[in-house]
Structures are given as structure tokens and as C-alpha cells.
Protein chains: 2
Amino acid sequence: MRNGDPTVGIGILGAGTVGGTLVRRLVDDREAIQAKTGIDLHVRRIAVRDPAKPRAFHVPAELVTDDPGLVVDDPDVQLVVEVMGGKDPAGSLVHAALEAGKPVVTANKELIAAHGAELIALAERRGVPLLFEAAVGGGIPIIRPLAETLAGEQIERVAGIVNGTTNYILTRMGDGDDYADALAEAQALGYAEPDPTADVSGADAAAKAAILASLAFGTWVGSDAVPFEGIDRLRREDIEFARFLGYEVKLLAIATRTAAGVCARVHPAMIPAGHPLASIRAATNAIFITGPSVDELLFAGPGAGGEPTATAVLGDVIDAAREILAGAVVAPRIRFSPGEIADFGGVATKWYVRLEVEDEPGVLAQIAAAFGEEQVSIKSVWQEGEGSGATLLIITHRAAEARQRSAVESVRALDVVRSVAATLRVESPEV
Amino acid sequence: MRNGDPTVGIGILGAGTVGGTLVRRLVDDREAIQAKTGIDLHVRRIAVRDPAKPRAFHVPAELVTDDPGLVVDDPDVQLVVEVMGGKDPAGSLVHAALEAGKPVVTANKELIAAHGAELIALAERRGVPLLFEAAVGGGIPIIRPLAETLAGEQIERVAGIVNGTTNYILTRMGDGDDYADALAEAQALGYAEPDPTADVSGADAAAKAAILASLAFGTWVGSDAVPFEGIDRLRREDIEFARFLGYEVKLLAIATRTAAGVCARVHPAMIPAGHPLASIRAATNAIFITGPSVDELLFAGPGAGGEPTATAVLGDVIDAAREILAGAVVAPRIRFSPGEIADFGGVATKWYVRLEVEDEPGVLAQIAAAFGEEQVSIKSVWQEGEGSGATLLIITHRAAEARQRSAVESVRALDVVRSVAATLRVESPEV
């Protein structure tokens with residue numbers, strides 16, 4: 001500790017749900033944190049959009065500014081916490097702080113997934129830590145275990161539920177709500193934003209999948225490289241049919257390393273009802289890490305919310321402050337090697353396909369033939385309804401994404417098929 | 001990185017299950033680790049009991065010695081890994097390495113639980129890291145999340161299954177095996193040692209509970225301060241009765257912070273069948289961390305075995321090597337404040353009591369009165385059997401340990417009670 005002074009000056013960009021909670025805890029728990037860590041975390045400056053707005057924390061008014069540049073430039077600010085979110089202006093502020101040789105802690109998954117490689121490289125050049133535990137999994141420690149504790153493991157797969165909002169909506173739909181009602185309830189509870197697009201489209205989960213894949217495999221996977229589908233087109237019927245077939249529907253983020261390269265993707269999927277992820281309810285997140293030595297590790301907990309996320313930010317702040325006081329930098333924790341990004345079209349999964357068909361002899365034969373032409377074979381078929389039309393629920397054997405899609409297009413073109421009402425990927429535990 | 005040389009010389013004390021796996025991976029994965037971390041981990045010297053014994057790794061013969069002091073003293077060894085286990089001579093070797101200013105990574109829960117406070121203080125004085133992720137939870141990252149990521153959380157409770165051997169035995173007993181058969185099977189599979197005392201007595205779990213409590217609460221809880229009971233007196237009948245009552249029996253490590261102080265304990269307990277810990281089978285470990293901000297976090301995975309444990313050691317080795325190359329030390333990660341250790345006698349739980357009694361009128365009244373005199377009230381009673389004798393299964397309401405024990409002694413002294421056949425604590429999720 002330089003000069004024995006345990007004080008570290010903190011500047012905070014943003015005082016919304018996470019930032020406001022963080023400031024309150026830095027102020028209220030200052031003595032408790034110093035007792036436990038030996039570090040005196042001192043809030044020096046806070047940038048907010050509207051300084052006049054009432055806040056849940058109590059700090060002298062002169063600490064609050066609407067100019068985030070003042071926070072970064074303040075010589076008393078030794079460590080910058082970015083909790084404003086979004087790519088701009090967060091990105092240029094983080095960039096400026098790192099350039100100025102100030103450690104940065106951020107909860108901004110969007111920024112890290114889009115520009116993490118450059119920012120991590122900049123942090124390394126400037127010799128300062130850039131920490132982002134809170135970017136994935138809210139209060140669940142997952143970034144640090146991946147980047148540090150498991151640095152010696154050849155991780156094969158990271159998969160799980162990384163968006164609490166959509167898991168809440170799916171849980172409600174499983175309990176009988178329609179999508180619109182479930183979304184409205186999630187909004188009323190504060191789980192979903194007034195504009196829920198980032199969550200329900202899968203974009204938020206895709207950013208997290210990009211970060212998890214990059215850290216797990218040591219090859220940078222930008223968010224552009226993560227195909228994603230959301231839950232906004234999911235129908236309650238398919239959740240009910242899934243359950244009838246012994247599955248639950250979850251929005252999964254899946255990152256794998258195969259011979260073809262690394263691959264990350266986000267989409268709703270049917271998983272067997274007995275799989276541990278099937279029983280993860282409401283806004284909880286749960287992530288499995290698989291590797292040859294550790295077999296399977298599970299991390300679960302609250303995936304969002306001000307308090308859990310602020311806890312993760314605070315852990316990073318303490319870590320960065322420790323490095324400041326030690327007068328040395330040990331982070332960044334990982335380096336990235338060039339690597340192949342596997343094409344999603346080559347990823348093999350099973351598919352569930354719901355078809356509205358004519359109820360006449362030979363229909364199934366035509367459908368099976370259409371699948372067969374794409375080398376997709378049918379594992380099981382259930383027929384619902386009779387009379388003028390029928391519903392077929394088909395589960396295929398494993399086949400590449402591109403073949404499954406072609407097969408479904410061929411089926412759609414058949415005269416006996418009135419519509420392809422739904423498709424969902426089916427993930428078995430070992431995929 | 002000093003001089004740009006990324007090499008760190010490693011000395012290893014012990015090449016048993018964990019040490020042998022570690023050496024093999026350090027040798028085989030050397031390039032992969034360097035690609036991912038930028039660090040060249042170079043095994044310089046290995047101390048073993050019998051250098052002539054065949055090993056699963058390939059290193060030049062001159063690296064292997066039967067003198068562990070040579071490893072610690074070797075000027076080419078910059079980092080010492082202690083995986084020999086036991087308090088002696090491991091303790092004096094770790095002490096010597098730290099005194100010499102060499103970072104130490106250890107998997108030795110017994111040593112850390114007994115002498116962690118002094119060793120951590122010594123490491124701090126000498127300005128070197130002492131890391132022990134592998135001491136608890138095998139391959140599950142739990143030490144670092146507790147000490148770092150959750151450094152800003154006021155943790156209230158850490159509870160879980162931290163001994164894979166006993167969980168395997170309990171799983172077999174739940175499937176119908178007797179204790180002796182289940183133990184023999186665990187030994188045949190290598191889960192249990194030829195002398196299984198440390199595992200089945202609860203001592204191993206108590207050492208882990210001491211470490212978890214110390215890190216969670218920031219007050220040092222030595223292993224002497226952890227009361228423990230094992231599974232060696234458990235009867236298959238009680239596992240069956242527990243299941244009949246809607247519970248599973250698990251060996252739990254529980255650390256709590258209350259107004260009376262911090263408390264850690266290890267004992268078998270009945271937990272509701274619907275609780276997530278009830279479904280943790282075989283040698284898996286699972287640990288819940290509870291706090292006001294993070295609510296409840298779950299960490300689960302393989303709790304023992306050479307590969308997972310070596311992975312945790314390797315993560316620490318990479319971390320310590322990074323600090324060596326940075327020319328600075330950021331660890332130790334936590335400091336301990338004096339605090340009260342709460343007396344186990346004051347800890348309140350529910351109890352399950354199995355009594356063999358005379359089958360005559362008024363028996364229950366006498367038993368209830370004996371409990372009542374100690375302010376222990378009975379929640380439910382089941383009677384099994386009829387005729388000359390009967391079995392009573394009693395579950396009490398929550399009361400302090402000391403009162404439950406006194407009540408059971410009073411009941412034992414009753415003429416109508418032939419024997420107190422078993423007692424077990426009952427843990428509800430919220431305890």
C-alpha cells in the first residue's frame with residue numbers, strides 16, 4: 001500500500017438502478033468494507049443525466065454532475081465505474097479513462113460484447129485493469145471463475161439461462177399466461193423495460209453469450225458473431241405441447257468449442273423436464289460450464305436487479321482498488337488468440353416442428369420424404385385433432401441447422417401442409 | 001512482465017492423485033496454457049515420497065526428489081505448490097516457502113483450517129500470495145468468489161454439501177444399501193480412503209466449513225471452533241423414515257452469522273425433499289451462499305477427484321504466476337477482524353427423534369411433558385408398530401441445541417422409553 005493510505009477515489013458514471021444502489025452501498029457500507037478489505041473506498045464524483053432528480057443515496061451535492069467527462073478527468077478519481085449502459089457515450093468514456101491510466105469497472109455487456117477486444121487490449125497497453133463481472137449473470141460470480149479459476153481448463157461448453165426477464169416471462173407462460181400478459185406482468189414488476197426489445201429479442205442474451213464464449217475459449221467472439229432468436233414469437237401452445245412431450249422451453253445461450261471452431265448462439269429451446277435448467281424459474285439465471293477435467297459446474301442465482309448487480313460491481317471495485325493500492329497491475333486476466341468461428345449452419349440439433357396439415361392418407365409419407373431428402377430423419381410424430389385438418393408434432397433426429405431449415409422449407413411447400421405453425425430446437429443435456 | 005520473459009518456475013510438493021494430475025497437465029498443456037494466459041509454467045522440481053514409483057507423468061528423472069526442502073530452496077522455483085496434504089511436514093514447508101518470499105498454492109484444507117490465520121498473515125508480511133481455491137469444493141470455484149467477487153456483500157450464511165465421499169455413501173444408503181456396504185463401495189471406487197475416518201467422521205467437512213466461515217464473515221474460525229458429527233452412526237432405517245416424512249438426509253456444513261456471533265457446524269441433517277440440496281447425488285458438492293443483496297447463489301460440481309482439484313490448483317498457479325510476472329503482489333485478498341464465535345448450544349434447529357417405547361396409554365403424554373420442561377415443543381408424532389413395543393418418530397419445533405439435548409436426556413430417563421434409537425437435526429431452507 002503506497003504511503004499506507006488506504007483511500008481510493010471512485011468516480012461513477014450513471015446512477016440508475018445499479019449505479020444508485022452502488023453509491024448507496026459505497027457510502028453506507030464504507031466502514032464495513034474497510035474492516036473486511038483494508039481499503040477505504042471514497043466516492044469522489046458521480047455523473048447523472050439529471051442532477052436535480054431525487055436519489056436513494058446521500059452525498060454532498062457538489063459530487064454530482066451532469067458532465068461525465070468531469071468524472072473521468074477528475075484527478076481525485078483513481079478508478080472509474082461505468083454503469084450508464086449502452087455503447088455511446090459509455091464507450092468513449094471508458095476509452096478515455098483507460099487511456100488516462102485509470103482502472104475501469106463496468107457492468108455494460110453491450111459495450112464489452114461489441115468492443116471488448118479493443119478495450120481489453122487498450123487496458124493491457126496502459127497497464128490497468130478493466131473488470132466486468134457484472135456484465136453477465138448479475139450477482140452470480142461467473143466472469144472471474146471463467147477467466148481465472150478455470151484458466152487452466154480446456155472448456156468445451158458454456159450453456160445456460162442468462163436473461164432473467166425472458167425466463168420470468170417463460171415461467172409465467174408455463175403457468176398458463178399468454179405472451180402479452182406475461183410481458184405486461186414482467187414490466188409491472190420492473191423485470192422488463194418499457195421497451196422490452198433487447199430482452200425479448202434475445203439481443204441481451206447474445207451479448208452475454210459473446211462474452212462467455214470469448215472468455216471460455218480464449219478466442220474473441222464479438223456480438224456480431226452470435227446468431228440470436230428471442231421469445232417474442234413463442235406461442236403458449238408450443239410451451240404446452242413441449243410439456244406434453246416431456247420438455248420445458250427456455251431461452252438458452254450456448255457456447256461450444258468443436259473441431260469446426262467456436263460457436264455461440266441464443267434461441268429458445270426445448271430441454272428435457274428432468275434437466276436442472278428446466279426447473280430454473282422466474283428471474284433466476286443458471287449457467288453450466290463443461291470441461292474434460294471439471295466435468296460440469298453449475299452457477300445459479302439472481303441474474304438481474306440493482307442489489308445483486310451492484311454486489312458484482314463492488315467486488316470488481318475492491319479488486320481494482322487493491323491493485324491501485326499495491327501500485328501494480330495484475331489484470332488483464334486473459335489474452336485472446338485468433339480462432340475459427342464455426343458457422344451456425346453446421347451446428348447439429350434436434351428440431352421440434354408443429355405442422356397444420358390436411359387430414360388425409362399419405363400426408364406423413366410426403367412429409368417424411370421431404371425431411372429425408374435433406375438427410376433429416378424423424379424421431380417421433382404425434383397427431384392432434386381429426387376431421388378437416390390435423391396438427392402434427394414432429395421431433396427430428398439431430399441434423400445440421402442448415403439441413404433442418406431446408407427440410408422445413410421443403411415441408412412448407414407441400415400441398416398437404418397448410419402451415420408450419422412453429423419450430424423450436426431441442427437440446428439434450430449432452431449437446 | 002519483467003524482461004519480457006514469461007517463464008515461471010514451479011516446484012511441487014507431492015505427486016499423489018492431485019499432484020500427479022497437476023504435473024501431467026502442466027507438462028502436457030504447457031503450450032495451450034501459454035497461448036491462453038501468456039505465461040510459460042515450467043515445472044522445475046517435484047518432491048515425492050518414493051522417487052522410484054512409476055508415475056502418470058513424464059519429466060526428466062533429475063526433477064524428482066524425495067527431499068521436499070530441496071524444492072522450496074531451489075532458486076529456480078519461484079512458486080511452490082503444496083499438494084502433499086496433512087499438517088506436517090506440509091505446514092513447515094509452506095511456512096518456509098512464504099518466509100523465503102515465494103508464493104504458495106495449496107489444496108490442503110486441513111492445514112489452512114488449522115493454521116490459515118498465521119499463514120495468511122505471514123504471506124501478507126512477506127508480500128506474497130497464499131492461494132487455496134482447491135481446499136474447498138474440489139473443482140468448484142468457491143474460495144475466490146467468496147473472498148473477491150463477494151467481498152462487498154454482508155454474507156449471512158454459507159451452507160451445503162462439501163464432502164463427496166459421504167454424499168456418495170448417503171446416496172447409496174438412500175438407494176437401499178447399508179452403511180457398511182455403501183462405504184465398501186465408496187472405497188472400491190476410490191471415493192473413500194482405506195481409512196475413511198476423516199470423511200465419515202465429518203472432520204474433513206468441518207475443516208472446509210471453518211475455511212468457508214472465515215472467508216464469508218471475515219472473522220477467523222479455526223477448525224477447533226467447528227463442532228462436527230459424521231455419518232458413521234447413521235442407520236438406513238432413519239434415512240427411510242426421513243424419506244417417509246418427506247425429507248432426505250445429507251451431511252451439511254453450515255456457517256451462519258447471527259447477533260450472537262459467527263458459527264460453523266457440520267452434521268447430518270434432514271432437509272425437505274424439494275430443497276435443491278436434497279437432489280444432489282453421489283460425489284457432487286453444492287454450496288449455497290446467502291446475503292441481503294445477492295439473495296441466494298448456488299455453486300455445484302465435482303467436489304473431489306484428481307482432475308477437478310488439479311484444475312482449481314492450476315487456476316491458482318496461473319494467478320500467482322501472473323503476480324510474479326507483474327512484479328507485484330495483490331493478494332492476500334482478505335483480512336480478518338476479531339469477532340465472536342457463537343456457541344453451538346445456542347443454535348436453534350428442529351430435531352427428529354426416534355424412540356423405542358412401551359406401547360401403553362399415557363406414553364406420549366410423559367414424553368411431551370419431558371420435552372416441554374425444556375421448552376421444546378413437539379411439531380408432529382408418528383407411531384410405527386404395535387403390541388409389546390412401538391416406535392415413535394417425533395419432530396420438534398425449533399429450539400436451541402442445548403435444550404434439545406437436555407430434552408432428549410430427560411426422555412431417555414423415562415421408564416416408558418426403552419431407547420433413544422436416533423436423533424437428527426432438521427434443517428428448513430430458511431434456517
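This note sets out numbered points on the predicted two-chain model above.

1. Basis of the model. The structure is predicted, and local features were taken only at pLDDT of at least 70, side-chain atom pairs only at pLDDT 80 or more, while totals for chains, interfaces and linings use all residues. Residues are numbered from 1 along each chain as its sequence is written, and chains are lettered from A and ligands numbered from 1 in the order in which they are written.

2. Interface. In total, 50 residues of chain A are in contact with 50 residues of chain B, where contact requires C-beta atoms, placed from the backbone, to lie within 7 Å. On the side of chain A that touches chain B, two or more residues each come from helix H2 (30-37), helix H6 (143-149), strand E11 (295-302) and helix H12 (306-326) of chain A. H12(A) gives the most, with twelve residues. Helices (H or I, at least four residues) and strands (E, at least two) are DSSP runs numbered from the N terminus. Both copies use the same surface, since 100% of the contact residues of chain A recur in chain B.

3. Helix H12 of chain B. The 21 residues of H12(B) (residues 306-326) should span 30 Å at 1.5 Å a residue, and the end C-alpha atoms are 30 Å apart, which agrees; the expected span is 1.5 Å times one less than the number of residues. Of these 21 residues, 20 are buried, so H12(B) is mostly covered. A residue counts as buried if 20 or more other C-beta atoms, placed from the backbone, lie within 10 Å of its own, as exposed if 12 or fewer do, and as partly exposed in between. Just after H12(B), B:Gly327 has a positive phi of about 70°.

4. Packing of H7 and H8 in chain A. The axes of H7(A) (residues 164-174) and H8(A) (residues 179-188) come within 9 Å and cross at roughly 130°. Axes are lines fitted to C-alpha atoms, for helices over the stretch in contact, and angles run from 0 to 180 degrees between N-to-C directions. The two helices H7(A) and H8(A) are therefore oblique to each other; angles under 35 degrees count as roughly parallel, over 145 as roughly antiparallel, 65 to 115 as roughly perpendicular and the rest as oblique. Among the residues making the contact are A:Tyr168 and A:Arg172 of H7(A), and A:Leu183 and A:Glu185 of H8(A).

5. Backbone geometry to check. Most residues other than glycine have a negative phi, and most peptide bonds are trans. The peptide bond joining A:Asp88 and A:Pro89 is cis, with omega about 0°, and A:Pro89 sits in the loop between strand E4 (79-82) and helix H4 (90-99) of chain A. In chain B, the bond from B:Asp88 to B:Pro89 is likewise cis, with omega near 0°. A:Gln375, not a glycine, has a positive phi of about 60°; this residue is exposed, with 12 other C-beta atoms within 10 Å. B:Asp295, in strand E11 (residues 295-302) of chain B, also has a positive phi, near 60°, and counts as partly exposed with 17 C-beta neighbours inside 10 Å.

How values were computed:
Contact = placed C-beta atoms within 7 Å.
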